[in-house]
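Here is my note on the model. Please read it with the structure open.

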Amino acid sequence: MQVVQKYTQGMYEHGLYPDKYICHQKQNNFVEIEDPKTGERQTVLTFCTNDVLGLVQNPQVKQAAIDAVLQYGTSNSSCSVLSGRIDLHRQLEQEISAFKHLPHTQLFLNAWMAMQALMDAFCHLAIPVPGFQHTRETLIMTDVLNHGCIVSAVVNADNRSGKVFSYSPPVRVKPYRHCDADDLARKLRRYAKAGDRILVVSDAVFSMDGDIAPLPDMIEVLSQYPDSVLVMDEAHASGALGAKGGGIYDHFGISTQSVIDQGINPLIMTTFSKFAASAGAAISTHVKELVDLLDVSPTSIGTISLPAPTTAAALESIRQVRSHPELVQKLQANTRYLRSRLIEHEFNAIGETNVIPVILPPEYDPKTFADHLMEVHGIWVSPIWYIAKPRLRITANALHTQEEMDQLVSAMVQTRAALYSTPVTATISA
């Protein structure tokens, strides 16, 4: 423990520990927060929430959660294969399947558990079955900038073969360059062996760079590998990409059936913490047997099912999105406007989605920059310096007004002038 104490003391002294504020109430994009160190409160304009469509405060969504508590209580107190499955689970699975155009869906408490369950189920077939021998190795190809839940799951998939699952053949994990389908093709030619079960996994939208996976090119590559699996983590794509918020397939105008027709198995992970005003995750597929296998994987059978109020909020949120595509269109319009205004004022705003990272020069401290925005201008953005290249991670949402976005840009210009003597020259990639 002394090593832990010494290490964290260094974090505190060098300002590397992130500020954690306590939220007391929220109205649209204005949040009353408390600094736990001082107890002081202030109301700030937030540009760091993942409530991208503004449904957290939606009256119908809140009422759905309340009604679910009154009918089912606060917890199901069991896993879904025992006594923890309720009708709301079935309704939510059906709603997601319709939204993602894949007929079978399995729910999970969060994305980390969903991705781990998938790796256990697909790579290791989860549980031994009498008379069946699993002999085929799995090759997993993963984008080098994939989210931590993917990284953790694929590393565990490798670690667990022959250990936790003693009957399971090896799993090999190989990275490919970020959003580089040509490198994916090269790596597959290099590492794929005859008889391998091939699984490629990628974020649809990358949470730190705000860019989009090259889905059409990835499909073309995998069409050369019959029965391969393509997993898209749509955490930041659902509700944000496509004319109706359907996600990356909607964005590129590709049907899941056309992918299936090419001999590829598309899997989509949907999470509810961004567009669906809730928590939890789901994996959708056209293969019913995979859902049944996910249902009995250790990650599913060893924990409770999604609580009723959380399920109801996600269900009503998805119904709101499907009924009101104008929410998605407003989000996309706000995204275009805010990114263009930042670039106009010589900020290096990268990406192409409502996740708008602003890359700062090396001499800029993102934490100092964000602190100044909050203390002087009452605006809350996320400084990132301990995970990725130093940046401000700004998120646009459907509730932001043009006046609020202009207020942010003005405050950033003033902060730059107050803290640094020369302006930033943008170096935006085409």
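1. Helix α4 passes α10 in a right-handed crossing, meaning the near helix is turned clockwise from the far one by less than a right angle. Ala117, Leu118 and Ala121 of α4 make the contact with Leu290, Leu293 and Leu294 of α10; contact is heavy atoms within 4.5 Å.

2. The model is predicted: local features need pLDDT of at least 70, side-chain atom pairs count only at pLDDT 80 or more, and totals for chains, interfaces and linings use all residues. Residues are numbered from 1 along each chain as its sequence is written, and side-chain values use heavy atoms, with hydrogens and water left out.

3. The axes of α4 (residues 111-124) and α10 (residues 288-295) come within 9 Å and cross at roughly 115°. The two helices are therefore roughly perpendicular (65 to 115 degrees).

4. Now α14, residues 366-377. Its 12 residues should span 16 Å at 1.5 Å a residue, and its end C-alpha atoms are 16 Å apart, which agrees. The expected span is 1.5 Å times one less than the number of residues.

5. Look at both ends of α14. At the start, a side-chain oxygen of Asp365 reaches to within 2.9 Å of the backbone nitrogen of Lys367. After the helix comes Gly378, with a positive phi near 65°.

6. Buried residues of α14 include Pro366, Phe369, His372 and Met374 (buried is under 20% relative accessible area, with a 1.4 Å probe and protein chains only). Among the elements covering the buried residues are β2 (30-34), β15 (391-395) and α15 (402-419).

7. Met1 lies in the segment before α1 (2-13). Met1 is exposed, at 77% relative accessible area; exposed is over 50%.

Definitions and conventions: Helices (H or I, at least four residues) and strands (E, at least two) are DSSP runs, numbered from the N terminus. A polar contact is a pair of N or O atoms within 3.5 Å; within protein, one must be able to donate a hydrogen and the other to accept it, and residues adjacent in sequence count only if both atoms are side-chain atoms. Axes are lines fitted to C-alpha atoms, for helices over the stretch in contact, and angles run from 0 to 180 degrees between N-to-C directions. Angles under 35 degrees count as roughly parallel, over 145 as roughly antiparallel, 65 to 115 as roughly perpendicular and the rest as oblique.
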